[in-house]
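The structure is shown first, and the description follows.

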Number of protein chains: 2
Amino acid sequence: MGKLKSSYLALLFCSVVFGQEQPVDYVNPFIGTSNYGATHPGAIAPRGMASVSPFNVAGKIKLNPLEKDSQWLSNPYVHENSYLTGFSHVNLSGVGCPDLGVIISMPTTGKLKTNHLEYGSTYSEEVAKAGYYSVTLDGYNIKTEATASTRVGVSRYTFPAGESNILLNLGLGLTNEQGGMLKINSASEVEGLRMVGSFCYNSPEAAYPVYFVAKLSKPADNFGIWNTPYKNTGKEAQWMGYNARTRIKESFTREVVGDSIGAYFSYNFKEPTKVEVKIGISYVSIENARENLEKEVGKKSFDEVYKDTKEAWNKKLSRIEVEGGTEDKKSIFYTALYHTQIHPNILNDINGEYPEVATGKIGTTNGTRYTVFSLWDTYRNYHQLMSLVYPEEQLQMVNSMLDMYDENGWLPKWELNSTETFTMVGDPASVVIADTYLRGLTGFDVEKAYKAMLKSATQTENNPLRPGLGEYIKNGYLSVDSRIAGPVSTTLEYNISDYAIAQMAKALGKKDDYLEFSKRSLSYKKLYNPETGFLQPKYRNGEWYKPFDPEAGANFTKNVGYIEGNAWQYLFMVPHDIPEMIKLTGDTKNFVKRLDYIFDKSHYDMANEPDIAYPFLYNYSRGDEWKTQKRVDDLLRTYYKNGPYGLPGNDDTGTMSAWAVFAMMGIYPITPAAPVYALSAPKFSKISIHLNNNYYKQETLVFTSNASEGNIYIDSIEIDGKGNKSYFIDHDKLLKDGHIEFKLKATENFR
Amino acid sequence: MGKLKSSYLALLFCSVVFGQEQPVDYVNPFIGTSNYGATHPGAIAPRGMASVSPFNVAGKIKLNPLEKDSQWLSNPYVHENSYLTGFSHVNLSGVGCPDLGVIISMPTTGKLKTNHLEYGSTYSEEVAKAGYYSVTLDGYNIKTEATASTRVGVSRYTFPAGESNILLNLGLGLTNEQGGMLKINSASEVEGLRMVGSFCYNSPEAAYPVYFVAKLSKPADNFGIWNTPYKNTGKEAQWMGYNARTRIKESFTREVVGDSIGAYFSYNFKEPTKVEVKIGISYVSIENARENLEKEVGKKSFDEVYKDTKEAWNKKLSRIEVEGGTEDKKSIFYTALYHTQIHPNILNDINGEYPEVATGKIGTTNGTRYTVFSLWDTYRNYHQLMSLVYPEEQLQMVNSMLDMYDENGWLPKWELNSTETFTMVGDPASVVIADTYLRGLTGFDVEKAYKAMLKSATQTENNPLRPGLGEYIKNGYLSVDSRIAGPVSTTLEYNISDYAIAQMAKALGKKDDYLEFSKRSLSYKKLYNPETGFLQPKYRNGEWYKPFDPEAGANFTKNVGYIEGNAWQYLFMVPHDIPEMIKLTGDTKNFVKRLDYIFDKSHYDMANEPDIAYPFLYNYSRGDEWKTQKRVDDLLRTYYKNGPYGLPGNDDTGTMSAWAVFAMMGIYPITPAAPVYALSAPKFSKISIHLNNNYYKQETLVFTSNASEGNIYIDSIEIDGKGNKSYFIDHDKLLKDGHIEFKLKATENFR
């Protein structure tokens, strides 16, 4: 890594010398905080376990139209709301279900209030940067600032003179899990835990604690806890004058447990005073939370922690340098790249310990244990981006997935803090592993990985990853009779995974497997109804499910054949077999016509994954590549903006952002588990990807162009100075040649 | 103490040699488990912090007519019930409000069940001895045995072959507090805590945790936890298929918190197998619970622990040896003495640590920190018995009370595990301290004690012990207008405390105080209505409250003037001024007539404290002493029996039992804070009180008599061989002379 480091230093030096904005300066964490993007503007370090997010989704429906308990809401903060009730210290970004959003701190002034419906406040002067968030609480005139190291959230509250309080509310949270414990150790320290889990209303039996130790820079004048018990409804309630009433226990220093508990630290300041609050997090134990806090932050000031985290972000983001393009485009680009560096995040403590999947044990890693694998989303483009730009992370992610296999007996599907949430369908881990391997990143136990992939592809009984596998193997598709969710979608997902296994088998010289899984990967054809031209749900006996409506399933409505989509959105979700699919549906003309129809009639859903690669599919029709360039440009302009509404929908732990990063660079990994990119028009005049030379020989990939607001069409492409006719490029070739020159123009190339 | 020890050893030796029953063998822990005696038959060491009581007060109303949630019920076990749901490891004995009764273990067989309504069982073959309890669970054919050291409950379960489970249920409990935490450390260890408190529905803000570590002698084949969350009633409930359902987490080894949680350890035995479960308790921390477990029990077997505890009990109970009398009488006597050795109990851990009152801090004692001071009850006779028989304990209790004063700024009133529950009325701590001092036990900081007593007697603002003190000092009584509970009762209680302070002042040479408090102690006269002959509630302006009904207030019914009693029961509750009271109400003839009326018309309440000394008041009327002998004999025969119904009512942490011990010995401490006993007829032919020679010179006090079922009247009394006319004896004289010979007969002495 020495080489890399020096190049970064050089970069940094240049930026400083010339007073240029650095990549980190372009990050706008407000992007995605509206339009259900589900990102949060809080402070976080790259792939941090801890984060400090403003929490504005609880209570006061008029001020908070998106209230967490009145609807399905999956984020601690939304742009639409305006009543803030604190700062949560573990948060998910860009997910579709509520979880975490707990360990909530809140500074107030005046008399102690412990009910967030009473102590919340509107706010103003919000500032969000990579690793920094700040806001002024209108009700208290308190400036609050937040930053974070990997496992520690650090806040700085600037209090006015007078009575002030710092609250730590363990009752409030985004998660639907209940229960916390806390123990005040001194006038400046409290420790505890909060139960979280049951993500997407699944796996409640796997709910688990997140631990913390909070330290204040100033000992409080008074401290204590509160506890609001549940209402006793029995006979004895008549004698309980205190029934369900909040209790304040001043100076209480033993453990307190309950669903609605908190700690307070109160001051009486003679003059405006700053107090820093450092909260160390762990998923293993309070001791580890303390060690994380002490080793990662210790006596460092807020400013020092922020400086380090900002530098870490800049280092990460500087792997890709862009020049030209508007300031907004740069913000969109670097914020997208930033959003790909939130999840998967680090799960292990600084001592290497982490909770294992399923075993109930504490494991230890020498490297990094990653968590939050939303693989149904991320197998499509996210891991391809990581393989290219952050290969060391991608390999470590694969190794984390293999550790999970060791622990659980199965690869992950939708893993969250070492619980398998079984969210969504398919067997995406195999695709990620094969894709990584085929891109030349082989630094993992390949035989074990292959064995794990085969297991989920062949074990027909008690297979948590591939329900209905027996029927799928026998008949080539999941039937409506199987009652398995979205039988068409799930069949396609299995096909894609089988294709990945076939490609891996081929690379490993396992010819029989290659042939078998190649064959399996094409069974989607059994669901193709030539009469309608769609992939349709089918009964076991071969009859089509009726009635068939190709639009049923749009906008997440329930339907028989598809998961989060309809027949249009799944029609071309066979990325490994598009040429054959074109033949199946007629010819390229017909194919392009139907693609056009999908886009023109708004059947395309930029906010979800099944059709995420559609804009690039025009490249399969010679002469129609300009439509890819056009669609991609349209989509970027329509859905990706430098503001809260700047994501098309849920970021899906970075998948939507990865789409934007690729799309703006002019390359897209069109086929999971095939190391190839579709080309489109880049949005910057120069894009430099600084490669990790531990994995790739080339120092830097450079894409140059005359990109502008108008120049969105490709006139010609030169690769290493040689003319290039293809609108696809192999991963190997890209890495070898290193330089693509796009000549762009303002009008399309007609066929 | 060396001398004491050797005399005990001699005693023990004799017993063993002659194969006689020892005192410990007479204990029948079933006494008081019915008739609301509120004792439990569980295993406990003398003044133990831990105990193992069968828990049969939850669920199944048909099998358990006294169900804890359907009424006010203050004990973990009642004789009336027959459905057992486990064994609670911290328990109160003889109290009037529900608390503790938590950390409940239960052995079962077959498939795991976690709901006590499903896994409970009827039972048979109950055996209870001092330090030992055993029962067979009908539903499972499991023999369960329990014993305990001071801070550790030890159980032995004899399982049949097949599937078996040991449950530790932290959801179930007698207390109305909520919340627990547990963490399984291995297949044979679990630790955690349970919140308790709000005794008598008071002081909810002081609720606190009790900690435990449980170790099993055999590692389980499987283990895990269960957790039943509260029902989510929000919008999201519609997606929560698991809403409010019990979750089983197998092999889960991190913390679990909640109101309804538990741990299970499951086995599959090839043959009948014994498993021992040791549960260490602490009110400080889990670490201390573990240290208590390891240092007190460690690798000792069940049998070894029981042997030690049985010996400890025998040592304690052998302080008084009785000869003659029926076997039942001996059981009644030794069980009463046993019940005086349950509370106050030890609060400090083996390392000396204990939670302080009010400070939130952990204190350390070199001696013993006692807790459970039900002083409104115990000031009347209990502490007098302790001063006589266990002076070292009584002094340590006074020192614990003074430590509480140091911590809290106030002496205790009704202290429970370092929370002041403010139950009942008056300022009884002063009486206990003065009484102890005046009996010659001066080994405490007397000046501090006196200062503490004066504080509660003189601070008119914010005085938690003596509400309404200003009015009381000014007018001599608490008025109905004051709205202070039971103004007549409370005035009398303040008088008694003031008398105690006066006596203490006198002994300390504080003449002014003596005069002032002596005067204050007689202000009850202001409540005497010569027209009715009763102490009556009065308005501030001097008018009597109307209507006046001397029977109002009996059987705990609500009334304006009195606490837990009526005008009859409070009429003579001026133990320090009976001769004047006789004059006030007329003459001795009238006095005796009214006493007779009270007894004959059932206005006397043997089950409560205000009139507890009434039977001995006949001694104030020369020639009527035989009525004391008769009433005492009647009451003993009617209310004290060798069986579950063998207490007159709530044991009041040993007060009712202390009454029986004194009454059966023929002496009674007639006036709190005056070292004098009233004499009546003993119930044994020889009673030997082995005195602690660190405090008293005499080796042994001996009361001899020709007691029999018929000989219940005193013919004559000889003290140290000299004739004695008085039916009172001073504490000093008793201790000096050492031997009282009662000549008894079967017919009364007429006046």
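This is a predicted model: local features need pLDDT of at least 70, side-chain atom pairs count only at pLDDT 80 or more; totals for chains, interfaces and linings use all residues.

Residues are numbered from 1 along each chain as its sequence is written, chains are lettered from A and ligands numbered from 1 in the order in which they are written, and side-chain values use heavy atoms, with hydrogens and water left out.

The side chains of A:K295 and A:E291 form a salt bridge, that is, a side-chain nitrogen of Lys or Arg within 4 Å of a carboxyl oxygen of Asp or Glu. A:K295 is exposed, at 58% relative accessible area, whereas A:E291 is partly exposed at 23%. Here buried means under 20% relative accessible area, exposed over 50%, and partly exposed in between (1.4 Å probe, protein chains only).

A second pair in chain A joins A:E392 and A:R319. A:E392 lies in helix α8 (residues 391-408) and A:R319 in the loop between α4 (302-317) and β18 (320-323), so the pair ties together parts that are 73 residues apart in sequence. A:E392 is partly exposed at 21% relative accessibility, and A:R319 is buried at 6%.

In chain B, B:D308 pairs with B:K300. B:D308 is partly exposed at 34%, as is B:K300 at 28%.

| Salt bridge | N to O distance |
|---|---|
| A:K295 and A:E291 | 2.8 Å |
| A:E392 and A:R319 | 2.8 Å |
| B:D308 and B:K300 | 2.6 Å |
| A:E177 and B:R247 | 2.7 Å |

A network of salt bridges links A:E189, A:E191, A:K215, A:R290 and A:E294. Over all chains the count comes to 84 salt bridges.

Across the interface of chain B and chain A there are two salt bridges, including the one between A:E177 and B:R247. Contact (heavy atoms within 4.5 Å) involves 51 residues of chain B and 51 residues of chain A. The two chains bury about 4,200 Å² between them, 54% of it on carbon and sulfur atoms; buried area is the accessible area (1.4 Å probe) lost by two parts on being put together, summed over both. In chain B, the residues that lose the most area to chain A are B:Y201, B:E236 and B:R254, together 17% of what that side buries.

Conventions
Helices (H or I, at least four residues) and strands (E, at least two) are DSSP runs, numbered from the N terminus.
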